[in-house]
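Visitor: I have a model on the screen and a few questions about it. Could you show it and walk me through?

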Amino acid sequence: MPDPNRKKILDLIEANRDHAIQFLQDMVVIPSVTGDEAAIQRFVCDYMKKIGLDVDMWETDWDELKKHPGYRPVARGYEGRPNIVGTLKGTGGGRSLLLNGHTDVIPVGNGEGWTDNPWSAKVENGRLYGRGSCDMKSGVASHILAVEYLKRLGLTPKGDVLINVVIDEEVSGHGTLDTVIRGYKADAGISGETSDLHVQPACIGRIWFEIEVQGKPVGIQQRYLGVSAIELGQKICKAVQELEDHRVATIRHPLYPSAIDSLPCIIGSFQAGNYPSAFPASGLLKGSIGTVPGEDHEGVKQSLVKKIAEMAEKDPWMKDHPPVVRFVGYDAEASEIPRDHAIVTTVSSIYTELTGRTPTISGRQGAADTRFLNAYAATPTVIFGPGSTAIMHANDEYVAIDDYIMAIKVMALSIYDWCNAPALPKPA
């Protein structure tokens, strides 16, 4: 006999579409660029308390964080930037589930390139617009509302549900890392990161780097006696492109069939010289490398160092004045869990139940905080979210409302199925 609770859950979500849209709008209109997350975190904390969750909100101890092997250097601390875990305590005997998401977003400048105010949260043609609507306030909202609607129906699951809402994801991921340090873990996790409603057991890694070049300074009248940092930088760009070509041709992963999309190795910024009428003797190039699960993270870094050194050795100037390669800023390792893990099959089967289609199983072409949950919290975590990775940092960012509602349904039934299944045996 079909479980009547499933229909009750889905009917309640459909009946509350306007409520779900308004809740997401309330989140999007709160500016929350990384470093300025206090207001959005207070809003989320108050809402989760209002719906009856036990809420733990705390500020990261920066000094303690620095002691963890997953820490990466950042320029500012975490005062006034709290993390949150809201807990729905289960009735007992079920599996626990951690739902992870972040509320910080990337900058919008002065709104250049946007059709409307980046914080408008306007709804138009089935889309909800605004910075963070896609990445990833819609994912966070889907977690909170899924739990709220289960509570409204009195369907408290057997296992605990933990809603983890963090800061600083766009810069470091330290919000999730500090959640792990605080001791939060579960039998499995779901990250609401952008996935186009694909089920994603893996995410790529991302390595930021910079390369400093020093040419030979001369006066502009005798520019022919100098060595231009712009010309040196062009040679470095070519070397980085060659490294990408080699990686795309040689690296394979079953969840990333399109290597050219998954393994970007680019120079994204090139600054040389400091005055229009002065010879450009110094330059700084900045870029990033994408990695896939299974790669040696530190080995990838050294492959860049080696490639630049080999290029420099062939250059008459750089062989004696070698470029300096540094790895600074964002540094995230790739991560994955088995495609046949129970949390993957749970989310997949529910998606099929709701849509009649087999979900796309893929690797996320972006880094994700799942790396900390997988590596340090013994919480195997799958990615499933309503936003599109192709839209997440774009001007006129948006989320499709139908996808957002579908994500709430998938989350609610995932909690219902996963957390009501028998608890996993404790390790001996």
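**Disulfides, helix packing and one glutamine**

Visitor: How many disulfides does the structure hold?
Guide: A disulfide is a covalent bond between the sulfur atoms of two cysteines. Here the test is a pair of cysteine sulfur atoms within 2.5 Å. By that test, the number of disulfides in the structure is 0.

Visitor: Which cysteine sulfur is nearest to that of cysteine 203?
Guide: Cysteine 203 is in no disulfide. The nearest cysteine sulfur is 16 Å away and belongs to cysteine 134.

Visitor: What kind of model is this, and what are the ground rules?
Guide: It is a predicted model: local features need pLDDT of at least 70, side-chain atom pairs count only at pLDDT 80 or more, and totals for chains, interfaces and linings use all residues. Residues are numbered from 1 along each chain as its sequence is written, and side-chain values use heavy atoms, with hydrogens and water left out.

Visitor: Is cysteine 203 buried or exposed?
Guide: Buried means under 20% relative accessible area, exposed over 50%, and partly exposed in between (1.4 Å probe, protein chains only). Cysteine 203 has 0% relative accessibility, so it counts as buried.

Visitor: How do helices H1 and H12 run relative to each other?
Guide: Helices are DSSP runs (H or I, at least four residues), numbered from the N terminus. H1 (residues 4–15) and H12 (residues 401–420) pack at about 150 degrees, axes 10 Å apart; axes are lines fitted to C-alpha atoms over the stretch in contact, and angles run from 0 to 180 degrees between N-to-C directions. Angles under 35 degrees count as roughly parallel, over 145 as roughly antiparallel, 65 to 115 as roughly perpendicular and the rest as oblique. So H1 and H12 are roughly antiparallel.

Visitor: And how does H2 lie against H12?
Guide: H2 and H12 pack at an angle of about 105 degrees, with axes 11 Å apart. That makes H2, relative to H12, roughly perpendicular.

Visitor: Which residues of H12 meet H2?
Guide: Contact means heavy atoms within 4.5 Å. From H2 come Arg17, Ala20, Ile21, Phe23 and Leu24. Their partners in H12 are Ile401, Asp402, Tyr404, Ile405 and Ile408.

Visitor: How far apart in space are glutamine 22 and alanine 121?
Guide: Glutamine 22 is found in helix H2 (residues 17–28). The glutamine is partly exposed, at a relative accessible area of 40%. In sequence, glutamine 22 and alanine 121 are 99 residues apart. In space, C-alpha to C-alpha, their separation is 9.3 Å.

Note on methods. Helices (H or I, at least four residues) and strands (E, at least two) are DSSP runs, numbered from the N terminus.
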